[in-house]
Amino acid sequence: MKMKPVEILLLVLCLNIVAFGVNGGPPTCPANLESDCGDSDEWKGEFFPGIPKIKYEGPSSKNPLAFKWYNAEEVILGKKMKDWFRFSVAFWHTFRGTGADPFGAPTKNWPWEDGTNSVAMAKRRMRANFEFIDKLGVDWWCFHDRDIAPDGQTLEETNANLDEVVEFAKELQGSKIRPLWGTAQLFLHPRYMHGGATSSELGVYAYAAAQVKKAMEVTHYLGGENYVFWGGREGYQSLLNTDMGRELDHMARFLEAAVAYKKKIGFKGTLLIEPKPQEPTKHQYDWDAATTANFLRKYGLIGEFKLNIECNHATLAGHSCHHELETARLNDLLGNIDANTGDPQIGWDTDQFLTDIAEATMVMQSVVKNGGLAPGGFNFDAKLRRESTDVEDLFIAHISGMDTLARGLCNAAKIIEDGSLAELVRKRYASFDTELGALIETGKADFELLEKKALQWGEPKVPSAKQELAEMIFQSAL
């Protein structure tokens, strides 16, 4: 007898059910759409059932799901590793990254996703987020408002969605875990095509203010320690149709209002600005650390903000990450680090996990000189490559990033304890460790005095900078 297609399908389904009954199911209810463990709003079991809690096993370990260098409780230069770093998981890349790029569709289809942007799906992602954080062994996370909760038809509905998800997040995070920072997403929605705080439309400016107000409130409610402003659309595409002076004034007024509201609601966290030169705009107003410092000084905001330095943004601005960190540190503005890197062959913001030991060492030299980053820390504003599509890749990437920075800290400690590099630098500037040098550095040496000394001494002898020796000393610590 010839079977109909529907009958064949039913037979296959029955055989699958029998096989499942014989072989047994997973030890816990997996959080995916094939599970029949209950209503999706009340998901039970693990999202990462095959992943154990990540432990430190030491440099000789070959286990990809173990730390080789990051030992949270190990004391380096008088402080535990976990306190030097204060690692944070970035919700947007980890749980909203799809692998899509301008030339291709999404490649990642995590088993818990149902293809919607509903509040129920947002809650499911939040459960996955906190299981991930727990298994990775960190205490911090960070978010954009629209990444954790969907837009509604109105601002009121959108705020209600956010409140519902945030209340759920507060329940899940308990007393130990909390946000390193929160922020408002003022770049994705079409209303922000001209910017938010720098939009030419007053209505958009007001909407952006309302969105930031709400995002600050929920960050405060969740116990967040910082709040970030990243102005991806706060810039211009052409000066021909732009009143740059007016836009900069508007941005300053916007930030002044944010400072006032922070104080009004009793939020004790640090307000952070994240510099970036361009992308998506042709020119972004907070181009780099120096530009942003100058903006803050001009508008009297220098004591109200610090900077969140992203390494990939530094390279887009033509700087090294080390340069941007030192510029921020020397201006007393270093508050947080977006731990990522870019590809030297690609001219855009690739947001890769930092795995370069030398770069990590230079980063940690700045952090140690800064005395740490608290109440800031390191958040992994980094995403899996488009071609990495296994759930375990999320863990492997974070483990690799954390181990790299831990190695950087150990190397920075070796350089400091050895003292050779510091001595080389000291000797290079030793001529200023004199009476005249002290007068110059305290602003008490005028041109007449300096001319007198120049005439007395004649042609100065200029010693070698010993750059190759400095590089040798640095490399020997790696």
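At what angle do helix α6 and helix α7 pack? I found about 15° between α6 (residues 155-173) and α7 (residues 202-221), with the axes 11 Å apart. The two are therefore roughly parallel (an angle under 35 degrees). Axes here are lines fitted to C-alpha atoms over the stretch in contact, and angles run from 0 to 180 degrees between N-to-C directions. Helices are DSSP runs of H or I of at least four residues, strands are E runs of at least two, both numbered from the N terminus.

I noted the source: this is a predicted model, where local features need pLDDT of at least 70 and side-chain atom pairs count only at pLDDT 80 or more, while totals for chains, interfaces and linings use all residues. Residues are numbered from 1 along each chain as its sequence is written, and side-chain values use heavy atoms, without hydrogens and water.

Next I looked up T270, which lies in strand β10 (residues 270-273). Beyond neighbours within four places in sequence, T270 has contacts (heavy atoms within 4.5 Å) with E225, N226, Y227, K306 and P375.

Then I went through the cysteines. I found 1 disulfide (cysteine sulfur atoms within 2.5 Å) in the structure. C311 and C321 form this disulfide, S to S 2.2 Å. The torsion about their S-S bond is about -50°, so the disulfide is left-handed. Both C311 and C321 are buried.

Definitions and conventions
Angles under 35 degrees count as roughly parallel, over 145 as roughly antiparallel, 65 to 115 as roughly perpendicular and the rest as oblique. Buried means under 20% relative accessible area, exposed over 50%, partly exposed in between (1.4 Å probe, protein chains only).
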